[in-house]
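Biologist: I'd like to learn to read a fold from its strands, helices and cores. Could we go through one together?

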Amino acid sequence: MTPDYDWLYTRTRAGKDRTPERARALLRQLGNPEQHMQTIHVIGTNGKGSVCAMLEAGLNAGKWRVGKFTSPHLTHFSERIRVNQQEIPEHQVAVFVEWAKTHAPEMPFFELTLGLALQHFQQSGVEWAIMEAGVGGEKDATHALQDIAATLITNVDLDHQSTLGPTIRDIAKDKAGAIRAGVPVLTNATGEALTIIQGIAEDRDATLYTPESHPEMFVVPHPPRMQGSHQTTNAGLALAALRVLNLATPESCEAALNAQHAGRMEKFEIRGKTVLLDGAHNPHAARALAQSVQHADTLLFGIMARKDAKETLDALAPVAAHRVYTHPGELGLDPEALTRLHSGEVVLDALEALEVALERTPEGGTLLVAGSLYLIGKIRPKVLDRIQRSD
């Protein structure tokens, strides 16, 4: 039985307010599966997926039964929901979608996916659920979760301003609004965002852990397998969570540091050329990527229309002398608009753009692909196919 993804993907909020109440109502319909496990809630502008991957690997090494809920997926829906690193079977997705058509036909996509994940976790005997927020914190559907053991706020920077507000202060208030009374909070946030988080944590009697206040908790014994200095920062947060929750062992910490996460500074070799795939899609992530890569021969770039294309491309354009712009998919920015920001050639089809970008990259050189996780989701299967055909 194949899931009716066409129906699922067309479930939208259709202009309704952001609120966790819809998710709470759905979870009640499902018998409140979230009550049967402890949860680590991961919020932030960037790094959420990487931190979740590290936590998943660490807890699995500790012999816990672990569920992980993340978004978006790169190539297929089932990536979003995993138990002990195994994706949810498609037949379970299909059964849930048919149930939802009758019992929750007006429920938005994200809430439905969240409900499916928690139902699957309960049925699978999950003990620890690692739950990545969608957008923001307080008004996100994941704020409907119960039995939160720790709240992690990776960082706060400008992204989703049309939803969360135009300033760092607005965004920080929304994300920190998910802090629970008496539940520990861990963050790598700095500056004004950290001040907001500190105030809300204090008001809610939630102990706050930062690299400055509790440096011993954020110690990273060696660089993580994921490349980039920002991943060391992410690793510090993941290890701190394991330590605060008394779940850290030498084995679990080592497993967390060896975790991998597709599409985040992921490195491949094609015909003697290095291809780096990274889902950096906002200015903060792009600056971190540029700091880590510093030089590439070619940049293949596409970005969604709702994102800050100028600031994101400004950070990455100096990395490469040659740039190829493409369309990342539905709701993507017209790549012609990117040429008005920084010179480059336009190839509308993403897979054709990959071939052109590889041609522009000299042997021994580096091609960097970035700007959107949706773009990475299109490019990555083609890269893997090219590698397999060359073996």
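Biologist: Let's start with a pair of strands. Which residue in β6 does valine 42 stand opposite?

Modeller: Keep in mind that this is a predicted model. As a general idea, strands of a sheet pair through backbone hydrogen bonds, either parallel or antiparallel. Here valine 42 stands opposite leucine 152. The two strands involved, β1 (residues 38–43) and β6 (residues 148–153), pair in the parallel sense over five bridges.

Biologist: What is the strand order in the open sheet of eight strands?

Modeller: Read across, it goes β4-β3-β2-β5-β1-β6-β7-β8, with mixed pairing. The edges are β4 (86–87) and β8 (208–209); each has a single partner strand, so one side of each is left without a neighbour in the sheet. Helix α3 (residues 48–61) packs on this sheet, touching β1, β2 (66–69), β3, β5 and β6. Its direction makes about 170 degrees with that of β5. Another helix, α5, lies across β2, β3 and β5, and runs at about 10 degrees to β3.

Biologist: Now the cores. Which residues touch the most other members of the largest nonpolar core?

Modeller: The general idea is that in soluble globular proteins, nonpolar side chains tend to be buried together. In this model the largest such core has 35 residues, and Leu112 and Phe121 touch the most other members. Two or more residues each come from α1 (5–9), α2 (21–29), β3 (81–83), α4 (90–103), α5 (109–123) and β5 (128–132). The largest share, eight residues, is given by α5. If you click on leucine 112, look for its contacts with Trp7, Leu8, Arg11, Leu26, Phe96, Ala100, Ala104 and Met107, leaving aside neighbours within four places in sequence. There is also a second, separate core of 33 residues, with Val66, Met226, Ala241 and Leu257 among them.

Biologist: Why is β14 called largely enclosed?

Modeller: Because five of its five residues are buried. In general, side chains in a regular strand alternate between the two faces of the sheet. For β14, Thr366, Leu368 and Ala370 lie on one side and Leu367 and Val369 on the other, all of them buried.

Biologist: Last one: at what angle do α11 and α12 pack?

Modeller: About 5 degrees, with axes 8 Å apart. Under 35 degrees counts as roughly parallel, and α11 and α12 are therefore roughly parallel to each other. Pro283, Ala286, Arg287, Leu289 and Ala290 of α11 meet Glu311, Thr312, Ala315 and Leu316 of α12.

Notes:
Residues are numbered from 1 along each chain as its sequence is written. This is a predicted model: local features need pLDDT of at least 70, side-chain atom pairs count only at pLDDT 80 or more; totals for chains, interfaces and linings use all residues. Side-chain values use heavy atoms; hydrogens and water are left out. A nonpolar core is a set of buried Ala, Val, Leu, Ile, Met, Phe, Trp, Tyr and Cys residues joined through side-chain atoms within 4.5 Å. Buried means under 20% relative accessible area, exposed over 50%, partly exposed in between (1.4 Å probe, protein chains only). Helices (H or I, at least four residues) and strands (E, at least two) are DSSP runs, numbered from the N terminus. Contact means heavy atoms within 4.5 Å. Axes are lines fitted to C-alpha atoms, for helices over the stretch in contact, and angles run from 0 to 180 degrees between N-to-C directions. Angles under 35 degrees count as roughly parallel, over 145 as roughly antiparallel, 65 to 115 as roughly perpendicular and the rest as oblique. Two strands pair if DSSP finds at least two bridges between them.
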